[in-house]
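Try each task before you read its solution.

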Amino acid sequence: MSSTAGENIRPGIRRLVHLALHRGDHARAEVDEEIRLHLALRTAQLTREGLSPEAARAEAERRFGPPDEARGRLHTSAERREERMQHRELVDAARRDLRVALRGLRRAPGLVVTAVLSLALGIGANAAIFSLFDQLLVRPLPVPHPEQLVKLVAPGPRSGGSACGEVGECEETFSYPMFRDLERGKTGLIVAGHTLVSASVTYGDRTVPGRGALVSGGYFRALGLQPALGRLLQPSDDETLGGHPVTVLDYSYWQSQLGGDPMVLNRTIVVDGQPVTVVGVAPRGFDGTTLGARPLVYLPLSMTPQIAHTMDGMVNFDTNRRFYWLFAFGRIAPGSDIERAQTAINTVYRPIITDVEAPLQEGLTDKEMAAFREAKLELKPAARGQSQLEGDVRTPLVLLFAVAGVVLLIACANIASLLLVRGASRGMEVAVRLSLGAGRRRVIMQLLTEAMVLAVVGGIAGLLVAHGTLKLAASILPTSAASAVQFGLRWPVVLFAVALTIVTGFVFGLFPAFHSTRESLVTTIRANAGQIAGARSTLRSHATLVVGQIALSTVLLVAAGLFLKSLRNVAREDLGLAVDQLATFTVSPDLNGYSPERSRALFRRLDAELAAVPGVTSVSSARVPLFTGGGWSSGAQIEGVKYEPGMDNATLINLIGPGYFRTLGIPLLSGREFTTADRETTGRVAIVNAAFVKKFGLGGEAIDRRVAIWGDKEPNIQIVGVVADSKYQAVKDRLRPIVYTAHLQDGKLGRATYYVRTSGDPARVLRQISAVISRVDPDVPVQELKTLPQQIRENVAVDRMIGTLSAAFASLATLLAAVGLYGVLGYTVARRTREIGVRMALGADQWNVRRLVLRQVAWMTLAGGALGILAAVAFGRTARSLLFGLDEHDPATVVMAAAVLAAVALAAAYLPARRASSIDPMSALRAD
Amino acid sequence: MAEPLSLVKGTLDVLVLKALAWAPMHGFEITTWLEARSGGALGVQDSALYQSLHRLEERGLALAEWGVTENNQRARYYRLTRAGKSHLAAETVTWVRYAETVTSILTGAPDPA
């Protein structure tokens with residue numbers, strides 16, 4: 001070896017020999033020894049020149065420099081030297097590794113392309129799901145110390161009515177008087193109440209439909225926010241009912257609709273026909289406390305009489321302890337914790353329950369009454385605010401995250417196999433390097449660098465994939481859910497992708513790097529002289545990886561099969577009405593402040609004008625829109641049917657216009673539809689469905705019976721018709737009893753959802769409908785104008801998204817596993833070329849040889865498939881809530897997944913099998 | 001003897017490199033070489049020399065190895081690397097040119113009137 005090479009190698013080896021831990025000690029010891037020698041030699045020199053030994057020593061030390069100080073300085077500079085040289089060596093080594101890695105990868109374009117594609121898809125999918133996960137389930141509200149926020153939950157039976165949904169479940173609602181008691185009580189908590197209402201906000205001449213938040217005086221205080229302009233609502237705005245017409249604007253609304261004009265302070269805007277004064281703007285970045293619903297304005301709870309007047313049951317809301325509609329959360333005092341706060345608040349809550357509210361309860365069984373008296377308030381963490389959406393999306397997102405993770409694992413296994421094979425073919429080179437003294441660690445580092453280069457390129461491509469996936473998800477979800485989330489790449493997602501890339505690089509790079517440099521390598525080369533080095537154990541590892549991949553893909557195939565079948569069930573579900581050729585929209589004149597008479601007149605005109613549009617065959621309306629997840633319910637009492645306390649007498653309710661069932665295509669079973677003759681002045685009428693008849697055992701005698709709903713004491717509504725069952729709130733609902741009353745007989749008539757049947761494609765009529773409405777009354781905004789099939793698609797958007805994504809991921813995973821399988825089979829054939837040649841020379845025919853390959857395919861596919869099916873069955877229960885019309889053990893799906901797997905495996909085996917059978921025995925025997 | 005000259009910053013390193021250009025030496029050998037060559041005109045604390053050696057090692061201009069002296073004592077020998085050799089050559093050229101320029105200005109005859 002030349003001296004230049006010696007210069008480069010020897011110090012490196014020397015330094016490797018020193019253990020890193022003792023570097024500092026070693027350097028200092030060396031310095032001490034040098035100093036000792038120097039002083040000894042200097043002393044000897046001076047003694048020779050005539051000084052006494054002691055004088056010589058003293059002079060030597062003087063010339064050296066003050067002993068302790070000099071020694072200290074040299075120690076420091078030696079340590080620094082070691083550090084810097086070590087650092088430089090690492091940098092040099094890394095740079096060298098990078099150069100070698102790039103050179104090596106350039107010679108294997110197939111590997112690079114496969115690896116980068118697999119990684120891009122795997123990392124991209126995970127980053128996209130993480131983005132949703134982070135925003136919907138992880139990121140807390142932008143308030144100080146969000147971990148101190150808790151929501152109040154009141155589980156247990158109670159009597160009366162409730163308005164729940166969107167902000168939370170029914171057990172999270174409170175009556176107005178109860179809320180005020182909790183707010184006032186000495187609980188150590190800052191308690192805030194809130195709920196969302198529809199709100200039309202008019203500023204100047206522009207009206208924007210949207211949501212408004214009714215909040216108590218302590219809301220912003222509990223959140224700990226500072227206004228962007230003016231001030232936020234305070235307890236002083238919440239003192240007298242109806243006496244504080246003030247509002248705080250949402251920041252985005254202020255920016256986009258009012259141009260961020262600071263002069264808006266103290267101006268008047270109109271909310272639901274009610275003029276209010278703007279006193280401030282909420283801070284930037286604050287979207288309210290309910291995920292998925294961003295209010296345009298915040299109004300004090302004291303404004304409830306003016307704003308929420310259309311909600312049934314809101315009559316006497318301020319004294320009615322049995323109508324539950326307000327949600328409540330609070331902030332725990334610093335230093336306290338949830339348990340202590342819960343105990344404290346129950347000291348206020350429980351006496352009210354037992355002394356004040358228990359005597360007021362009606363219609364509860366003894367058992368329910370006992371449970372009511374025992375009721376306790378619970379506090380649950382609410383760092384992300386309070387919303388129903390969070391509970392709804394939790395399971396699907398967790399599932400999707402798991403699926404994406406599995407895809408990435410499969411991709412890693414794929415790349416690891418590719419690197420293993422590559423390592424095996426470079427076995428000779430690696431063995432030589434190891435035997436020449438390159439530390440095993442160094443070679444592993446170099447191989448790992450290759451893996452990391454692949455990972456980084458894959459990661460960057462992954463960000464592009466993530467971006468695309470998010471855009472795709474945004475297009476599938478309905479606008480309400482889509483508006484809750486930002487579908488772009490933000491810092492948390494990019495950081496996550498970077499971290500994932502590094503971890504992934506290690507995951508798929510470490511094992512092949514270790515395996516390729518194993519101690520037994522040199523002996524294996526000698527033993528297998530003439531064959532691919534170390535083939536047998538490499539093959540074993542490789543095959544294990546592929547079996548793992550097959551198992552994982554099988555799990556995903558089964559999952560995708562289940563979700564797709566569920567989606568098909570949803571799509572095929574009989575809704576009970578003729579869905580196609582229906583268009584729908586909603587108008588809410590009450591939000592413009594119209595009186596019921598004026599609204600009635602508007603609706604009459606709309607009915608007439610819409611019916612006159614060419615292509616329209618029928619028009620009707622309903623108070624509660626179909627397939628939006630919402631619905632009204634109440635208890636019902638029917639004359640002649642004995643009512644026991646505790647009996648389930650719940651029914652759904654809707655208010656409908658004349659000709660409703662004809663328009664929707666719901667068959668009339670007996671009696672008649674409502675007509676325009678059923679007015680406010682005539683007797684109140686109702687139509688019920690078959691499920692209602694069945695539930696209350698009315699038999700064939702439903703017509704002419706009277707019912708009472710909404711807590712009325714006397715049954716005074718006469719049933720005039722019976723219709724077939726149909727779905728109401730959601731596609732996935734079961735068929736439930738429904739009572740339909742006449743919308744025109746409703747004293748609080750204020751809004752309606754229209755259904756327009758067309759003879760042709762309803763989408764073409766949408767624009768004409770819009771024109772008609774603006775002609776009839778340009779001031780009233782039109783909401784949710786779409787075809788009914790579109791509405792239904794939105795209703796099942798989550799199912800569609802899960803079905804689509806899981807199918808996409810499963811296909812991807814299976815493709816990757818197929819590539820892996822193909823790789824290992826090709827490798828086997830190449831490795832056993834000579835053996836195959838011998839067999840053929842001895843008389844084996846092509847079919848025998850092919851069987852060799854197929855046998856390997858068979859055992860790997862069977863092993864992987866069996867493992868996968870077991871895993872799918874074991875974990876299936878977690879997905880049960882997402883499945884519709886089937887359970888997680890559906891045998892047909894499992895069989896189908898197995899069939900797909902078998903087909904893919906055979907396809908992957910085709911080429912290697914053919915190659916094996918076409919081996920020329922002579923050249924195989926001659927070759928090495 | 002005149003006051004020992006204190007070294008201009010950085011020159012000690014170059015001088016040490018020059019010493020090593022002759023042969024690998026240990027710390028004390030370098031010290032005595034410098035003292036002999038400069039006739040004692042340069043005032044350098046011995047410990048400063050070792051700091052200079054550390055710097056040279058750090059920059060890859062010199063390499064250290066433990067060896068044995070003629071008296072069988074263990075000593076740390078320093079050797080010039082290829083980088084050190086070219087650095088020495090470059091610095092020498094620069095230094096000489098610098099010294100010549102400054103010397104000629106300071107000792108030059110005034111311009112003819």
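**Exercise 1.** Work out how the span of helix 27 of chain A compares with the expected one.

*Solution.* Step one: helix 27 (residues 891–917) has 27 residues; helices are DSSP runs of H or I, at least four residues, and strands are runs of E, at least two, numbered from the N terminus.

A quick note on the model: it's predicted, local features need pLDDT of at least 70, side-chain atom pairs count only at pLDDT 80 or more, and totals for chains, interfaces and linings use all residues. Residues are numbered from 1 along each chain as its sequence is written, chains are lettered from A and ligands numbered from 1 in the order written, and side-chain values use heavy atoms, leaving out hydrogens and water.

**Exercise 2.** Find where helix 27 of chain A has a kink.

*Solution.* Look at A:Tyr910, shortly before the proline A:Pro912: the kink there is about 35°. That bend is the angle between axes fitted to the seven residues ending there and the seven starting there.

**Exercise 3.** Is B:Asp46 buried or exposed, and what does its side chain contact?

*Solution.* First, find B:Asp46 in helix 3 (residues 46–58) of chain B. Next, B:Asp46 is buried because its relative accessibility is 3% (buried is under 20%, exposed over 50%, partly exposed in between, with a 1.4 Å probe and protein chains only). Last, its side chain makes a polar contact with the side chain of A:Arg42 at 3.2 Å (a pair of N or O atoms within 3.5 Å; within protein, one must be able to donate a hydrogen and the other to accept it, and residues adjacent in sequence count only if both atoms are side-chain atoms).

Definitions and conventions. The expected span of a helix is 1.5 Å times one less than its number of residues.
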